Number of protein chains: 2
Amino acid sequence: MMTTISEIAQKAKVSRTTVSRVLNHHPYVKADKRDAVLQAIQELQYVPNFNAVHLSKGRTNVLGVIVPKIDHPFFSQLIAGIGEVCNRYRYSLLLHQSNNDLNQELHFFNQLKYKLVDGLLLGSAISPPHVLDELSNYGKIVCCEASGCDKMASVSVNHEAGIQLALDHLREQGHQNIGLCIGNAKSGVGIKRAQAFFQYQQNYQLGWNASWYFDGNYTIEDGIQVARQLFRQSHRPTAIVVGSDYVAAGILYEARIQGIPVPDGFAVIGFDNQPISEVVELSTIDQPIVELGIMAAELLFLQLHDQQVSSTNQLNLKLIQRKST
Amino acid sequence: MMTTISEIAQKAKVSRTTVSRVLNHHPYVKADKRDAVLQAIQELQYVPNFNAVHLSKGRTNVLGVIVPKIDHPFFSQLIAGIGEVCNRYRYSLLLHQSNNDLNQELHFFNQLKYKLVDGLLLGSAISPPHVLDELSNYGKIVCCEASGCDKMASVSVNHEAGIQLALDHLREQGHQNIGLCIGNAKSGVGIKRAQAFFQYQQNYQLGWNASWYFDGNYTIEDGIQVARQLFRQSHRPTAIVVGSDYVAAGILYEARIQGIPVPDGFAVIGFDNQPISEVVELSTIDQPIVELGIMAAELLFLQLHDQQVSSTNQLNLKLIQRKST
DNA sequence: GCTTGCTCTGAAACGCGTTTCATACCCTAC
DNA sequence: GTAGGGTATGAAACGCGTTTCAGAGCAAGC
């Protein structure tokens, strides 16, 4: 029992074309006809069916976003930034949680092929480059980390600079033996951070031992485990760089339990500047995550409006010193 | 240059109807024709246009979710739960961030009217009941807190029970003078919690002073301010119930700064059991937020499949005792 | 007076699947 | 032998807007 533009047209004694023009604010409609149409819309309580609009226009004004885990603070902030831009442009946001599952990811990519979204924002992507390459034939894509695919633009945090900030700071505090703890060692972020770390280590002749390295850590609980392994070692580092504030908070927690004085006995520096780092007084590398989302979305909109954009974009980081270093 | 089912039909020497049947796994298609169609789909690299599907089917297999702020941990967990269910049912999620702005909210509600989503999940709603009432004529809606609209189902946390758990626990620890700190005093949650608190207070003859009440607090920083105001008072409560772990963490932080011993000098209990509560050793009332999202989404799917559901649903809470009480 | 160029309007085609309905075939049951 | 019922297929209508194109009206320019 939906009202359609045909009924409006009939009631207002104009053609469907004219109704469509009124709805789309086309200038060539005389005032009297416009008023008649608007009145009919009122009286019949017309509500447009946007599936028809999308079909005929060939676009949907929807952006797709895929992330591994919505409730990870990094991604929820990223989405928040993207959402803000979408609101500004009156676009909607189609969100998908992949759980780092390749099938889920591929399934979501179809939304672009199926014309359900006008563009795609990749919070993370585990698909091989050739898949992304093929996908980019179907629409514009922006990746929130270096994608390894030159057909799509990317925005990312300057991980090298971040690691360097952290290490410069620790060296200034007199540390020479510094451990590393990251999340997914195989993700772009993980690889970049590890590379930058070991490069720096070599450049500055820092001490090293394989048992000072940890990966696959994401939670507070993980941090506690890392700390236990670390503090068990007789020859241990005097500081550690940690890829996540949550993990770092776990390490601080365990240090307190074991009575190891921070920062004098052991220093910890995290990444992200999540709210948690404030209460546990953790030094950290602040990542402008919301801004990252905003920038990624803006880049996508530029491309949707046929503007050229530079394909790699980096955001800068800053050091926030608190009492853990 | 899109391939359409017509081209497939031509190539496979069948009708469009048959192609449609193959795509929809309709049983009445002979194997040889089905194969011919599938082959043509392969060769022409056919990709369906789902806007056309949505238009003719009258549904989109998309759920809408609206929340005030995506990166608030409560809502990101809620969305994560919803997203999980959506993945299970192969539905997509259209997400909107309202920033508690009524216009944003109304704008998003149109997605249901416009037939862009099959159902709506309200993470929060500030619209008056009559708006929600009218909206529910356009599709199924589930609200994640008591909505005040009897036409839609709701799932919510049992706030009364939560407050009671917290207060029972504090009384057991010998507290008689207990403060209260909540977020939005005008939201459903805020009202419920305050009511339950004051009811309990009266029932058990607890001490009270108007300066022991705080609202509009959401962040760690807010918590620090609350603590400062609190600790300035000569006649102050011996414990406080706080509606958010973040705010509670701020209070604990300030207590430490001021050298007030916790829990002996002052006890704090939070709500949510966010990760932060673990590292700061905060006692808290655990809210099953992800489960709340899952349940809300499940309820919506039940309704989309024409099943009756009970209109009010509550989830239970549990006390997590740590070192702050 | 006639061309040029806007303004305004509607018929028809288009975007692309799905669904209905009619038809035809085949087998089983009586 | 034939009525009944399942299987298989296609033509045409349908869902509902937008866009193209052609044409009419009207004013300004020469």
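**View 1. A buried phenylalanine in chain B.** At 1% relative accessibility, B:F301 counts as buried (buried means under 20% relative accessible area, exposed over 50% and partly exposed in between, with a 1.4 Å probe and protein chains only). B:Y91 is buried too, with a relative accessible area of 12%. The model is predicted, so local features need pLDDT of at least 70 and side-chain atom pairs pLDDT 80 or more, while totals for chains, interfaces and linings use all residues; side-chain values use heavy atoms, without hydrogens and water. Residues are numbered from 1 along each chain as its sequence is written, and chains are lettered from A and ligands numbered from 1 in the order in which they are written.

**View 2. The ring pair A:Y91 and A:F301.** Searching the whole structure gives 22 aromatic pairs over all chains (rings of Phe, Tyr and Trp, the last by its six-membered ring, pair if their centres lie within 6.5 Å; planes under 30 degrees apart are stacked, over 60 edge-to-face and the rest tilted). Let us look at one of them. The centres of the A:Y91 and A:F301 rings are 4.7 Å apart and their planes stand at 85°, so this pair is edge-to-face. A:Y91 sits in the loop between helix 5 (73-89) and strand 2 (92-97) of chain A, and A:F301 in helix 13 (residues 289-304) of chain A, so the pair ties together parts that are 210 residues apart in sequence. Helices (H or I, at least four residues) and strands (E, at least two) are DSSP runs, numbered from the N terminus. How accessible are the two partners? A:Y91 is buried at a relative accessible area of 10%, and A:F301 is buried at 1%.

**View 3. The ring pair B:Y91 and B:F301.** Here we return to the phenylalanine of the opening view. With ring centres 4.7 Å apart and planes at 85°, B:Y91 and B:F301 make an edge-to-face pair. B:Y91 belongs to the loop between helix 5 (73-89) and strand 2 (92-97) of chain B, and B:F301 to helix 13 (residues 289-304) of chain B, so parts 210 residues apart in sequence are tied together by the pair.

**View 4. An aromatic cluster in chain A.** Find A:F197, A:F198, A:W208, A:W212 and A:Y213 in the model: together they form one aromatic cluster.

**View 5. Two helices of chain B side by side.** Helix 10 (residues 220-232) and helix 11 (residues 245-257) of chain B have axes that come within 7 Å and cross at roughly 50°. That makes helix 10 of chain B oblique to helix 11 of chain B. Axes are lines fitted to C-alpha atoms, for helices over the stretch in contact, and angles run from 0 to 180 degrees between N-to-C directions; under 35 degrees is roughly parallel, over 145 roughly antiparallel, 65 to 115 roughly perpendicular and the rest oblique. Which residues meet in this contact? From helix 10 of chain B come B:I220, B:G223, B:I224, B:V226, B:A227, B:R228 and B:F231, and from helix 11 of chain B come B:Y246, B:V247, B:G250, B:I251, B:Y253, B:E254 and B:A255.

**View 6. Where B:N87 meets chain A.** B:N87 is part of helix 5 of chain B and is buried, its relative accessible area being 13%. Apart from neighbours within four places in sequence, B:N87 is in contact (heavy atoms within 4.5 Å) with A:H96, A:Q97, A:N99 and A:Q104.

**View 7. A buried serine in a loop of chain A.** Look for A:S136 in the loop between helix 7 (129-135) and strand 4 (140-143) of chain A. Is this serine buried or exposed? A:S136 is buried, with a relative accessible area of 16%. Not counting residues up to four places away in sequence, A:S136 touches A:I141 and A:K151. The C-alpha atoms of A:S136 and A:G119 are separated by 9.5 Å, and these residues are 17 apart along the chain.

**View 8. Cis peptide bonds in chains A and B.** In chain A, the peptide bond from A:V262 to A:P263 is cis, with omega near 5°. A:P263 lies in the loop between helix 11 (245-257) and strand 9 (267-272) of chain A. In chain B, the bond from B:V262 to B:P263 is cis, with omega near 5°, and B:P263 lies in the loop between helix 11 and strand 9 (267-272) of chain B.
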